[in-house]
Amino acid sequence: MIPFAAALTGGSLTLHLLPALPDWPWMALAALGVLLALPVRVLRIPAGFLLGVSLAGGQAQAWLERAVPLEMTGTEVTVRGVVTDLPDHSERRTRVLLRVTGIIDAPPEFLAERLRVTVFPAEPRLQAGDRVRLRLRLRPPRGSHNPAGFDFAAWLYRERIHGTASLRGEPEWVERGGEQYVPKASLHRLRADIRDAIRAAYPDARHPGVMEALVIGERSGMQAEEWRLFLHSGTNHLIAISGLHVGLVAGFALLLAQLAWRRQRRVRRWLSLRWFGALAAIGAAGAYAALAGFSIPTQRALVMLILFSASLLARRDPLSWRVYAAAVVAVVALWPASVLAPGFWFSFGAVAVILLLLQGRVTQPGLYGWLRIQVILAVALLPLSLTWFQLGSWIAPIANLVAVPLVSFLVLPFLLAGAALAVVWSPLGAPLLWWADAWLALLLRVLALLVEWPAAVSEMAVAWPAAVLAGIGALLTLLPRGRRIAPWMLVACLPLLLPAAPRLAPGDFRAEMLDVGQGLAVVVQTRRHILVYDAGPAWEDGFDSGAAVVLPALRRLGVRSVDRVIVSHEHGDHRGGVEAVLAGLPVAEVLSRHETAHRAETACEGGLSWEWDGVFFETLHPPPHWGDGNTASCVLAVRGAHGRLLLTGDLEGLGESVLVRSAGDRLRTDVLLVPHHGAAGVLERGLLEAARPAVAWVSSGFDNRFRHPAPEVRDRLDDACVPLFDTRERGMVWLETMPEGIRLGRGSRVEHRRFWHPPVAAEPLLPAACRPFEGGPVPSLSGRMSGVE
């Protein structure tokens, strides 16, 4: 059973690594896989792989058929729908998940069933279960794309959301009429009522967001500091309702069922204690999973509990690998895209570790056995945590030893009971909610002390192959005879210590322009130094590109500290993420255009220069005493032995004219960052002619309201036969200098494409009169000047 489960999972994972989805008869392939698996045991592994591929392919094909196509970007439609999840309200906006139940006005290509709708300004009247008529502006299911960080498009696919939209006008509430009934809407309405009852019963709670997360699985109310403490202490699994919580509720229900069974004769006549307890445990766990909105982790935990109970009823060993494999098969077969979720690998990985321990390594019960399980769990899952979240907590065993029993016995039972009583009458639930909140406050104080320990947390990136090798080595050492291969385990972990990025030769550098939407962030790396040029935007709705994009990119490169941050000017789409970078990593120096407002910073103006590892850096603009707007953007020239890069911020107008006059030949470059995201009017005052680049970069946001880059800017570049690499189309773009010239990345959307991403041309298009851009190393400036090109 284990090989079949592994093959099924491998098949689903393989399908989700494809850049494009084949047009195959998925249901026929699934039937063939089932037929092959039944009669012949030797065929079960290939049959499992085929079944995994076909089930995942069928689900993917169904999603792609309903996903909002790229061509419908900006299209307005009128629909009827039901709010099917708890709305996320902030001061500026409301965000809801809409189940489309009827189409009033839309083109025939619009087939989406589930949309993530954003409402500006906030509309607190929108609640779960509401039936509304909306006029929506559509966007396809896509987001920014970087090799490190959160893949929003993958999350939309995994959650079966077919696109995003923004509201036009006001929502109109409607009656149900003859439309279909949506059970989930009623469920989420109940969740909202429970949340409101908790808030009304105990309005002075110190950690209301954590309480709501534990009761109804809603984490939007948690404070950033609360989430940081749980994450850095390795106890964040306690906040996501999953196996531990569902198992605890089932255990409490089993205890109550045993007491009830002994007191009820009629029940004893019809059902044995084994059956009555199992039904009570499954029923309570199902109710708790419903409170959590039947999220995928709770569904997974419920499936495992049902199989566990079935094995007990069948008088089989519930801790056998057969039950574990059956749970894997059930989850992958029902939700093939769950293999993309970190929770899938963490939950089944943790269960595998515990099974190995219980079957051969941990024989002593009590506190010592519990502590040993926590330590080994933390170490075994550390490679996975470093790979997925770029974070590993060395204090996780100690933190979990405190947090797990405290939440399990002193918080969760009282929270659930208090919430139930609060629904009946607020004063009844207040004492229990106060009790739970008091223990949560104590727990968070303890976690705050633990995460302040030196070297408590490691924030670094680990390559997938290294993590897989180390994880397999860790699991093998848990086998009964694993001590014999312990030295090999150390060898398997050695790749974790290797540098995440290739070492650069003296005189060479690497630059990455990150996809931060409508903003700018560039990382320049020499052999031993790191420079960050702008850090993208930080929006009031909580998205901070410094934390979400720049820091993950730096950790992927193995960066432990930043030598210099340059803020080209003070606009929010360039400076917004800087504070997160300063908080996340040690930064030696900051150059900015507003040093009076930020006293720890130095003025960035023309005339500064320095040399790192054979690479020369020089600021070319602005002159002293200019302001902090676009025309005063700090312009940086990077010159290596085999290539040059010119970073221009939002330079435009008078600033461009002054730069061209003052810098002259120092503007010559191989790669030019087009100023101001390619706004109309840039490159018209001589910068393009002075720089004479081989390639141009531009950072712009998808479907941005400014329509950057402007058509006239593209025309100027086409006239000069300069190919344009746009983050809006290609995601993160990069270059690396070497003796042969400059190696250019074609964009992370091309290099790491998945079928849920929109297609992108491999190379930028140029007019017919130009020599086609064919990729490969671009000759450096010295080579082009000597006629090597």
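Predicted model: local features only at pLDDT ≥ 70, side-chain atom pairs only at ≥ 80, totals over all residues.
1. In this note, a contact means that heavy atoms lie within 4.5 Å of each other.

2. Leaving aside residues up to four places away in sequence, G507 touches D613, G614, V615, G640, A641, H642 and T737. The glycine itself sits in the loop between α18 (486-493) and β9 (510-513). Its relative accessibility is 4%, and G507 therefore counts as buried, since buried means under 20% relative accessible area. The C-alpha atoms of G507 and W612 are 8.4 Å apart in space, although 105 residues separate G507 from W612 in sequence.

3. The disulfides deserve a point of their own. In general terms, a disulfide is a covalent bond between the sulfur atoms of two cysteines. How many disulfides does a search of the whole structure find? The search returns 2. When the bonded cysteines of the chain are numbered in sequence order, the pairing reads 1-2, 3-4.

4. The angle about the S-S bond is -50°, and the link of C604 and C634 is left-handed. Are these cysteines buried or exposed? Both C604 and C634 are buried.

5. The other disulfide is formed by C721 and C770, whose sulfur atoms are 2.0 Å apart. Here too distant parts of the chain are linked, 49 residues apart: C721 lies in the loop between α24 (711-719) and β21 (724-726), and C770 in the loop between α26 (748-751) and α27 (781-785). The link of C721 and C770 is left-handed, with -75° about the S-S bond. As for accessibility, C721 has a relative accessible area of 34% and is therefore partly exposed, whereas C770, at 8% relative accessibility, counts as buried.

6. Turning to charged side chains, it may be recalled that side chains of opposite charge can pair when their charged atoms come close. A search of the whole structure finds 33 salt bridges. Among them is the pair R66 and E113, whose side chains meet at 3.4 Å, N to O. The two residues come from distant parts of the chain, 47 residues apart, with R66 in helix α3 (residues 44-66) and E113 in the loop between β3 (94-105) and β4 (114-119). R66 is partly exposed because its relative accessible area is 32%, and E113, with a relative accessible area of 29%, is also partly exposed.

7. A further salt bridge brings together the side chains of R716 and E684 at 3.2 Å, N to O. Helix α24 holds R716, while E684 is found in the loop between β19 (671-673) and α23 (687-691); the pair links distant parts of the chain, 32 residues apart. R716 has 23% relative accessibility and counts as partly exposed. E684, at 48% relative accessibility, counts as partly exposed as well.

8. The side chains of R575 and E570 also meet in a salt bridge, at 3.2 Å, N to O. Why does R575 count as buried? Its relative accessible area is 8%, which means that R575 falls under the 20% cut-off for burial. E570 is buried too, with a relative accessible area of 17%.

9. R510, E512, R556, E736 and R743 are linked in a network of salt bridges.

10. The last point concerns the packing of two helices. Helix α6 (residues 208-216) and helix α15 (residues 396-424) pack at an angle of about 80°, and their axes are 10 Å apart. Angles of 65 to 115 degrees count as roughly perpendicular, so α6 and α15 are roughly perpendicular to each other. Which residues make this contact? From α6 come M211, L214 and V215, and they meet V407, V411, L412, L415, L416 and A419 in α15. The residues of the contact of α6 with α15 comprise 9 nonpolar, no polar and no charged.

Conventions
Residues numbered from 1 in each chain as written. Heavy atoms only, no water. Axes fitted to C-alpha atoms, helices over the stretch in contact; angles between N-to-C directions. Helix = DSSP H or I, 4+ residues; strand = E, 2+ residues; numbered from the N terminus. Parallel < 35°, antiparallel > 145°, perpendicular 65-115°, else oblique. Nonpolar A, V, L, I, M, F, W, Y, C, P; charged D, E, K, R; others polar. Disulfide = S-S within 2.5 Å. Buried < 20%, exposed > 50% of the residue type's maximum accessible area, 1.4 Å probe, protein only. Salt bridge = Lys/Arg side-chain N within 4 Å of Asp/Glu carboxyl O.
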